[in-house]
Each structure stands twice: as structure tokens, then as C-alpha cells.
Amino acid sequence: MAFTLYNAPQSTCSQRVRFVLNAKGLTFNEVKLDLLAGDQLKPEYLALNPNGVVPTLDHDGAIVIDSSVIIEYLDEVAPEPANFTPREPVKRAAMRALMRFIDEMPAAAVRVPTFNLAFLPRFAAMSEQEFLAFAESKPLRKEFMLAMGRKGFPEKDMKAALDRLRRTYERMDAAIEASGGPWLMGRAPTLADVAVMPALVRMADLGQDSAWQDLPRVARWFGAIRAQPAFKPTYYPGSLLTERFPHLRGGA
Ligand SMILES: N[C@@H](CCC(=O)N[C@@H](CS)C(=O)NCC(=O)O)C(=O)O
């Protein structure tokens with residue numbers, strides 16, 4: 001099986017896929033896109049992924065898009081040696097419900113602090129016309145970019161995003177308690193754990209990990225996912241925003 005992953009080092013959605021590929025010991029050819037330069041909007045990439053976002057997986061010529069779909073796909077085509085999907089249909093359904101929640105809540109919310117704290121200087125340096133043209137060219141994120149503008153999301157949007165993230169940590173805490181832990185669904189990590197991982201890593205990187213320190217189950221979960229052998233190769237140098245954006249160092 002030959003895998004090519006079109007992705008970006010710092011992209012949270014890409015990190016999910018890299019984690020699963022690494023956990024399964026699958027070798028893959030990595031194509032790195034520069035998202036701030038707009039590589040994801042070039043015609044040759046849009047032909048693979050019409051949403052103009054990363055990641056995209058090429059598996060022996062078959063194209064699979066969307067990180068949640070890709071990690072489910074990988075668990076189906078390469079179920080061994082590591083598997084992240086429970087066997088019983090009712091548990092699979094529960095895992096997928098968690099994944100939907102994660103895509104709708106933390107995966108979306110984390111973009112607000114990410115853009116405001118890390119990417120804004122790049123957009124602020126553009127002329128209004130350049131910025132509008134960049135926003136207009138995004139198939140999936142045009143409205144998001146226009147809502148942010150070159151000045152960033154207003155305080156109320158930041159607060160709402162942080163609140164949605166806090167509700168995620170609380171949901172995780174409840175899931176770990178109900179399942180007996182240490183993972184969201186019990187004794188083994190599932191794709192739901194992988195799906196939520198990059199949001200917490202991102203918030204820790206932005207200096208916001210105090211937001212779950214009163215939830216010891218979540219703090220233990222965070223330690224456990226970071227201790228997984230697949231974690232280090234997934235977060236290779238350049239994967240954290242603090243490594244790429246010097247202005248973030250010393251706390252956000
Ligand atoms: N639902 C998609 C979302 C993908 C997505 O938002 N990717 C971001 C990086 S994490 C991206 O490529 N952004 C580029 C842009 O906004 O132009 C997935 O999970 O694959």
C-alpha cells in the first residue's frame with residue numbers, strides 16, 4: 001500500500017491523520033503545503049480536494065478527503081497492528097457521535113484563537129484588497145475569513161470560542177468518568193481521542209492549558225496521549241505554532 005499525505009505540519013486536522021498513520025506503522029510520503037501562502041488553493045490541489053483545505057490522502061491513487069473520514073478509512077484498510085474503532089456497533093455509533101461533536105465544537109472553535117493569536121500578523125500585513133481576494137478564493141473558509149477581517153475576531157467571538165472549548169473539556173471529563181477511562185471510551189484509545197487531541201495540543205501551545213487543570217481526568221488524558229509512541233513523530237519539529245511564530249513564545 002502506498003500512501004501520500006498532502007498536509008501541513010501545524011494543521012490540527014493533518015495531525016490527526018499523521019497520528020493514525022504513525023500508530024499503525026504505515027510509511028507515507030508527505031507533501032507539505034504552505035497554507036498561509038495559499039498552496040491549498042492552487043488548481044492542481046483543488047482537483048484533489050475541492051474544499052481547498054488539508055489534509056488529503058492518496059492511497060494507491062484513490063483520493064480520500066476530510067480528516068475524520070480519512071482516519072476512519074485508515075482503520076478500515078489497515079486494521080492491524082493498532083486499531084482505534086470498537087467492535088460493537090453501538091460503541092462505534094457512540095464513537096462517531098463523539099467525533100461529530102468534536103468536529104462541530106472544538107475543531108471549529110480552536111480556529112478562532114489560532115487565527116487571532118498566530119496568523120493575524122500575516123493578514124494584517126496584507127492590503128485590504130489582497131486580503132479580500134485571498135478570502136474570496138477559499139471554497140470552505142471564505143465567510144470565516146471575512147468575519148475575522150484583517151483586525152481579527154472581536155473579543156466576544158474569542159470568548160465564545162474559549163467557552164466552546166471549555167464545554168469540550170467538560171464533555172471529555174464526563175465521557176472519561178462514564179467509561180471508566182483513561183480514554184474517552186474506556187480502556188483503549190479510539191478515533192474520538194485522536195480527533196480531539198490536536199485541539200488540546202493547540203491550546204496548550206497557545207498557553208491555555210490552565211483551562212482544564214481543574215479536571216484531573218482530562219489532565220491525565222492529555223498526559224496519556226502525549227505519551228503514546230505515535231505522538232512524537234506526529235508532532236515533528238515545526239508542528240507547533242510557537243516553533244513557527246516567534247511572537248507567540250513566552251505565553252499567548
Ligand atoms: N473538515 C476538514 C477541515 C479541514 C481544515 O479546516 N483544514 C485547515 C487546516 S487544519 C486548512 O486547510 N485550512 C486552510 C484554509 O483555511 O485556507 C477536515 O477535517 O479535514
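Q: Before we dig in, what counts as a salt bridge here?
A: A salt bridge is a Lys or Arg side-chain nitrogen within 4 Å of a carboxyl oxygen of Asp or Glu. Keep in mind that this is a predicted model.

Q: OK, how many salt bridges turn up in the whole structure?
A: The search finds 13. One of them pairs Arg16 with Asp103.

Q: How far apart are the closest N and O atoms in the Arg16 and Asp103 pair?
A: They're 2.9 Å apart.

Q: And which helices do those two sit in?
A: Arg16 is in helix H1, residues 12-23, while Asp103 belongs to helix H4, residues 89-104, so the pair ties together parts that lie 87 residues apart in sequence.

Q: What distances do you get from ligand oxygens to the side chains of Ser67, Lys138 and Arg141?
A: For Ser67, a side-chain N or O atom is 2.6 Å from a ligand oxygen. Lys138 also has a side-chain N or O atom 2.6 Å from an oxygen of the ligand. With Arg141, a polar side-chain atom is 2.5 Å from a ligand oxygen.

Q: How much of the ligand's area does the protein bury?
A: The ligand taken alone exposes 520 Å², and the protein buries 88% of that.

Q: Last one: which pocket is the ligand's space?
A: The space the ligand takes up is the largest pocket.

Methods: Residues are numbered from 1 along each chain as its sequence is written. This is a predicted model: local features need pLDDT of at least 70, side-chain atom pairs count only at pLDDT 80 or more; totals for chains, interfaces and linings use all residues. Side-chain values use heavy atoms; hydrogens and water are left out. A polar contact is a pair of N or O atoms within 3.5 Å; within protein, one must be able to donate a hydrogen and the other to accept it, and residues adjacent in sequence count only if both atoms are side-chain atoms. Accessible areas come from the Shrake-Rupley method with a 1.4 Å probe; for residues, only the protein chains shown count as cover. On a 1 Å grid over the protein atoms alone, a cavity is a set of points where a 1.4 Å probe fits but cannot get out, and a pocket is an open set with protein on both sides within 12 Å along at least five of seven lines; lining residues have an atom within 4 Å of a point. A molecule sits in a cavity or pocket if more than half of its atoms lie within 2 Å of its grid points. Helices (H or I, at least four residues) and strands (E, at least two) are DSSP runs, numbered from the N terminus.
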